[in-house]
Amino acid sequence: MFARRLTVPLALWIMIVLYLAFVEEMDGVMIWIIPPALLLMIVYIFTPQLNYWYVQRYRPTLDEPLRKFLHHLAPWIIRLDPDAQKKLEVRLVLHMEGSDFSGMNMESIPEEAKVLVSLAAVVVSWQQEKALLSPFERVVFYKHPFPSPNHQFLHACETDFIDQVQIYSLEQLMASWMRPDRFLNIAYYEWAKIFQFVFDQKQYPSSSPQRWEALSQISGQSTDQWQKFTGFETLDFWGVATACYFTFPKKMQESEPALFQAIREVYGDVVMV
């Protein structure tokens with residue numbers, strides 16, 4: 001995107017300086033490698049912010065194939081009024097372009113994978129000024145469940161609150177969106193934890209055995225299923241509650257109105273609930 005375009009003239013500048021220094025053997029030119037090197041470092045550090053600024057200024061839209069994928073992923077979007085649909089698409093593009101996506105052993109990141117993560121962020125942060133919950137702009141993908149320094153066993157998702165990065169298994173991420181009746185939506189799960197971390201002054205509903213059982217009833221899934229799917233024996237209550245809230249809003253409102261209202265008070269009026 002925009003930040004990558006900035007690197008082209010800077011890299012060319014460095015190449016010219018190196019050519020003059022080592023091929024033409026000109027004296028004193030190496031000092032001119034410092035400015036582009038510093039600028040490249042700044043661009044690398046602030047890539048998400050630069051991309052976000054650029055997209056916010058020029059507001060590109062989703063390509064039609066990606067829009068069709070989005071509507072297949074979340075059919076409720078089609079039922080929104082035109083203004084809400086437009087706002088959602090704008091915030092989705094802003095989030096996708098403002099985030100720093102990378103993959104382990106992956107040559108490129110599918111745009112659909114970015115949608116899977118960014119849509120959950122847009123929904124969770126709907127009442128916030130920006131879709132990006134800074135400073136968690138970095139997202140890393142694995143093709144399959146992965147171990148990590150913090151959790152040295154195979155798992156499907158993780159948020160590192162020290163390095164401020166999310167990590168996802170694409171296999172489980174896709175399954176959680178395509179089969180909500182069988183799997184916990186790990187994108188909502190991770191963004192809920194980030195939301196609670198960023199907005200730690202809000203009043204969050206507490207965990208209890210009764211509420212865990214209620215979430216199982218609402219989703220039709222057991223705690224054991226969630227543990228096997230995510231790879232974690234200990235699950236985050238707020239993450240699971242948020243995933244159920246956005247995936248099964250009507251069921252939660254009907255069977256657990258108090259919990260539904262408590263979550264609604266945290267996130268505010270959200271586009272899909």
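Tyr 142 touches Met 104, Met 106, Pro 147, Ile 167, Tyr 168, Ser 169 and Leu 170 when residues up to four places away in sequence are not counted; a contact here means heavy atoms within 4.5 Å. Tyr 142 belongs to strand β2, which covers residues 138–142. Helices (H or I, at least four residues) and strands (E, at least two) are DSSP runs, numbered from the N terminus. Between Tyr 142 and Ile 167, which stand 25 residues apart along the chain, the C-alpha atoms are separated by 7.5 Å. With a relative accessible area of 24%, Tyr 142 is partly exposed. On this scale, buried means under 20% relative accessible area, exposed means over 50%, and partly exposed lies in between, as computed with a 1.4 Å probe on protein chains only.

The structure is a predicted model, in which local features need pLDDT of at least 70 and side-chain atom pairs count only at pLDDT 80 or more, whereas totals for chains, interfaces and linings use all residues. Residues are numbered from 1 along each chain as its sequence is written, and side-chain values use heavy atoms, with hydrogens and water left out.

The chain contains 13 helices and four strands. Along the principal axes, its C-alpha atoms fill a box of roughly 75 × 45 × 35 Å. Of the 273 residues, 48% count as buried. Among contacts with a separation of 6 or more, 69% are between residues 24 or more positions apart.

Helix α11 is mostly covered, with ten of its eleven residues buried. The buried residues are Phe 237, Trp 238, Gly 239, Val 240, Ala 241, Thr 242, Ala 243, Cys 244, Tyr 245 and Phe 246. Their cover includes α6, α8 (186–198), α9 (209–219), α10 (223–230), α12 (249–255) and α13 (257–267). The N-terminal end of α11 is capped by Asp 236, a side-chain oxygen of which lies 3.2 Å from the backbone nitrogen of Trp 238. This is a polar contact, defined as a pair of N or O atoms within 3.5 Å; within protein, one atom must be able to donate a hydrogen and the other to accept it, and residues adjacent in sequence count only if both atoms are side-chain atoms.

Helix α11 (residues 237–247) also gives the most to the lining of the largest cavity, with three residues. In general terms, rolling a probe the size of a water molecule over the atoms shows where empty space is left. A cavity is a set of points, on a 1 Å grid over the protein atoms alone, where a 1.4 Å probe fits but cannot get out, and lining residues have an atom within 4 Å of a point. Grid points are joined across faces, edges and corners, and a volume is the space filled by probe spheres set on the points. The search of the whole structure finds one cavity of 30 Å³ or more, and about 50 Å³ of space lies in the largest cavity. Its lining consists of Pro 180, Phe 183, Leu 184, Asn 185, Ser 219, Gln 221, Trp 226, Ala 243, Cys 244, Thr 247 and Phe 248. These residues divide into seven nonpolar, four polar and no charged. In this scheme, Ala, Val, Leu, Ile, Met, Phe, Trp, Tyr, Cys and Pro count as nonpolar, Asp, Glu, Lys and Arg as charged, and the others, Gly among them, as polar.

Two of the lining residues, Phe 183 and Leu 184, are also touched by Ser 176, together with Asn 185, Ile 186 and Phe 229, again not counting residues up to four places away in sequence. Ser 176 is placed in helix α7 (residues 170–178) and is buried at 1% relative accessibility. Its side chain reaches the backbone oxygen of Leu 173 at 2.8 Å.

The number of disulfides is zero, a disulfide being a pair of cysteine sulfur atoms within 2.5 Å. The sulfur of Cys 157 is too far for a bond because the closest cysteine sulfur, in Cys 244, is 14 Å away. Cys 157 is buried, with a relative accessible area of 0%, and Cys 244 is buried at 2%.

Most residues other than glycine have a negative phi. Asn 105, however, has a positive phi of about 60°; this residue lies in the loop between β1 (100–103) and α6 (111–124) and is exposed, with a relative accessible area of 75%. Gln 164 likewise has a positive phi, near 60°. Gln 164 is found in the loop between β3 (157–160) and β4 (165–169) and is partly exposed at 29%.

Terms used:
On a 1 Å grid over the protein atoms alone, a cavity is a set of points where a 1.4 Å probe fits but cannot get out, and a pocket is an open set with protein on both sides within 12 Å along at least five of seven lines; lining residues have an atom within 4 Å of a point.
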